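Please look through the sequence and the model shown here. The paragraphs after it go from single residues to the whole chain.

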Amino acid sequence: MNSSLPGDSVGFCFSRTAWKMMSGPIRRHAAWSVIPMAALALLSFYRTPGSMAWSLAFACVAVLLLYCTYVVAGLIALVYGAQPEVRRKIVHICVGATIVGVALVSASTAAVVSACTGIAVWQVLSRRFKGPSLLRSLLLDRPGQSRGHGELLMPLGLGCSFLVAGGATASWLYASLVLILADAAAAIVGTYWARHRYRIAGGASVKSLEGSAAFVAAAWFAGLVFLLAESDIGFWMAMAWTLLLACMLAACEAVCLRGWDNFVLPLVAVFAASLPGRTASLACLLIVVLVFALASSWPVPAGEVRDR
């Protein structure tokens, strides 16, 4: 057992000291989460599509449930000594899953826009008020690094891409999965198993080949799940197209600094997924070549702080 402060160790190690400090807030927020869960169940049962009041109520309750989940998941990660980047990605996954859930259950543009706006407002307030700011510093901020805007840009990126895609289409679900799962996979693999690191020219953030490979694998899987069903090209050509699309998105993620990948990735994914296979393949290949032609500082000196 490890009784040191959470986040100090390299791996996940349960901390009795942290549990004694945080068990109360964890239980309290877990109990509070029952209220928005029950409200969501009632709203889903008494569903009134097209009603603005229903859409706003559904979005507000979903954001309230997100807050409870956000606190519980983040504090549990602290108790188990998760690295700051892993704690950030837990919040990242919770936010993305909430927005996708609102889109699928409500089938309402107003509900999705309201949820994205509510989450973005919470992220702004969390920087300005003492209580939320303390929670943010425990769960989101990385010691020794300047604050990015990723947690604010994520709901905006998902909301804008939802509007561009025209609803919860297959291409938007694909873009959402890439942002939620592929980005998180890259961060976790890069945090714990990175060995080969690189930096894009002019950028301060450091990436890893292992993290980028994890991103490509997760994005490729998402493409196979959601895009093959809609493709009218052959199976192997579709496999190659989704792989090339995953590589392009990994390249975009590599060059987006200070959290801007959370806004750019879903828009690029929605646009690229809607193009014909041949056009998309040429565009993807061109972007991949251009992006990695800009790579410099290879390899990064050992021991330097990295993003992932």
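Is Cys94 buried or exposed? Cys94 counts as buried because its relative accessibility is 14%; buried means under 20% relative accessible area, exposed over 50%, and partly exposed in between, with a 1.4 Å probe and protein chains only. The model is a predicted one, in which local features need pLDDT of at least 70 and side-chain atom pairs count only at pLDDT 80 or more, while totals for chains, interfaces and linings use all residues. Residues are numbered from 1 along each chain as its sequence is written, and side-chain values use heavy atoms, with hydrogens and water left out.

Cys94 lies in helix H4. Helices (H or I, at least four residues) and strands (E, at least two) are DSSP runs, numbered from the N terminus. Apart from neighbours within four places in sequence, Cys94 has contacts with Leu66, Thr69 and Ala73, where contact means heavy atoms within 4.5 Å. Ile180 is 86 residues from Cys94 in sequence, and their C-alpha atoms are 8.7 Å apart in space.

Side chains of opposite charge can pair when their charged atoms come close. Here Lys89 pairs with Asp183, and the closest N and O atoms are 2.9 Å apart. The two residues link distant parts of the chain, with Lys89 in helix H4 (residues 84-106) and Asp183 in helix H8 (residues 170-193), 94 residues apart. Asp183 counts as buried because its relative accessibility is 3%, and Lys89 counts as buried because its value is 10%. By this rule the count comes to one salt bridge.

Asp183 is also one of the residues that Phe215 touches; the others are Val178, Ala182, Ala186, Ala246, Leu249, Ala250, Glu253 and Leu265, not counting residues up to four places away in sequence. Phe215 is among the buried residues of H9, which also include Glu210, Ala214 and Val216. Helix H9 (residues 209-226) has 18 residues and should span 26 Å at 1.5 Å a residue, which agrees with its end C-alpha atoms being 26 Å apart. The expected span is 1.5 Å times one less than the number of residues.

A nonpolar core is a set of buried Ala, Val, Leu, Ile, Met, Phe, Trp, Tyr and Cys residues joined through side-chain atoms within 4.5 Å. The largest one has 59 residues, of which Ile99, Trp172, Tyr174, Val178, Phe215 and Leu249 touch the most other members. H3 gives this core its largest share, 14 residues.

Now the surface. The loop between helix H2 (34-45) and helix H3 (52-79) holds Tyr46, which counts as exposed because its relative accessibility is 56%. Leu42, Phe45 and Tyr46 form a nonpolar surface patch with about 410 Å² of accessible area together. Another loop, between H4 and helix H5 (109-125), contains Ala107. Ala107 is exposed because its relative accessible area is 63%. Most residues other than glycine have a negative phi. The phi of Ala107, however, is positive, near 50 degrees.

Buried residues make up 49% of the 308 residues. Of the contacts between residues at least 6 apart in sequence, 73% join residues at least 24 apart.

Technical notes
Patch = residues over 30% accessible without salt bridge, like charges linked within 9 Å, V, L, I, M, F, W, Y side chains within 5 Å. Areas by Shrake-Rupley, 256 points an atom, 1.4 Å probe, with all protein chains shown as cover. Salt bridge = Lys/Arg side-chain N within 4 Å of Asp/Glu carboxyl O.
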